[in-house]
Amino acid sequence: MTVRVLRAADRTAVPWKNGGGVTREITASPEGAPMDAFDWRISLADVGADGPFSAFPDVDRTLTVVEGAGMDLTVGGKRTLADERYRPYDFPGDAETDGRLLAGPVVNFNVMRRRSRTACLTSVVRGGLLVVVPSGSTVVIVALDGTTVLKEARVTLAQYDAAVLDASPGSLHTEGHAAVVTLSEP
């Protein structure tokens with residue numbers, strides 16, 4: 001198993017598809033794919049104002065509030081209160097979605113996956129965890145609060161740094177507070 005480290009300091013803020021904010025892409029597949037052609041995409045978004053979300057046909061999304069009080073989301077006419085920090089909220093990216101800030105700006109950890117091409121499990125863990133990379137899968141670990149240590153790889157991730165574990169089987173232990181995203185073919 002190989003571990004590729006992606007430092008938060010190396011990311012560039014890019015305007016959202018709808019122009020309503022900025023995102024910092026952590027990683028995507030295929031690498032460098034445009035917004036209409038990715039299989040999956042993981043990013044952090046700075047949200048400073050209420051407004052509509054961009055529509056992404058055939059895409060499922062997971063939003064996790066990592067800074068701020070949260071958002072009141074209306075997805076396809078149904079309200080969801082995303083007010084619990086570090087709890088992943090799933091919703092269809094092709095449903096009309098509007099977000100209202102609860103008490104000022106937020107930073108959201110976002111996972112988007114094209115449902116016809118990628119299966120995904122997003123978890124947030126605190127403390128130690130054995131992370132297993134199933135054959136044919138990619139695992140992305142993102143430090144959310146403080147540092148996360150990948151013991152066997154001897155890698156320390158600062159806040160919002162990421163590690164991509166390749167598609168060969170293997171496992172390692174983590175310590176810290178991190179998002180763990182496992183991606184595979186459906």
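The hairpin of β7 and β8 has 2 residues between its strands, and within this hairpin glycine 76 takes a positive phi near 55°. Strands here, like helices, are DSSP runs numbered from the N terminus, with at least two residues (E) for a strand and at least four (H or I) for a helix. The model is a predicted one, so local features need pLDDT of at least 70 and side-chain atom pairs count only at pLDDT 80 or more, while totals for chains, interfaces and linings use all residues. Residues are numbered from 1 along each chain as its sequence is written, and side-chain values use heavy atoms, with hydrogens and water left out.

On one side, β7 pairs with β8 (residues 78-82) in the antiparallel sense, over 5 bridges. Two strands are said to pair if DSSP finds at least two bridges between them.

Buried here means under 20% relative accessible area, exposed means over 50%, and partly exposed is what lies in between (1.4 Å probe, protein chains only).

A few loop residues have backbone geometry worth a look. Most residues other than glycine have a negative phi, and most peptide bonds are trans. Against that background, serine 29 and proline 30 are joined by a cis peptide bond, with omega at about -10°. Proline 30 belongs to the loop between β3 (22-29) and β4 (40-47).

Tyrosine 86 is not a glycine, yet its phi is positive, near 70°. This tyrosine 86 is placed in the loop between β8 and β9 (88-92), and it counts as buried because its relative accessibility is 11%. Arginine 154 also has a positive phi, about 55°, without being a glycine. The loop that holds arginine 154 runs between β13 (138-150) and β14 (155-157). With 78% relative accessibility, arginine 154 counts as exposed.

Zooming out, the protein chain has 16 strands and 0 helices. Its radius of gyration is 16 Å, which agrees with the value near 16 Å that a compact globule of 186 residues would have. That radius is taken over C-alpha atoms, and the globule rule is 2.2 Å times the number of residues to the power 0.38. The C-alpha trace spans about 45 × 35 × 30 Å along its principal axes.

Of the 186 residues in the protein chain, 44% are buried. Among contacts (heavy atoms within 4.5 Å) with a separation of 6 or more, 69% are between residues 24 or more positions apart. The accessible surface comes to about 8700 Å², with 51% of it belonging to carbon and sulfur atoms; such areas come from the Shrake-Rupley method with a 1.4 Å probe, and for residues only the protein chains shown count as cover.
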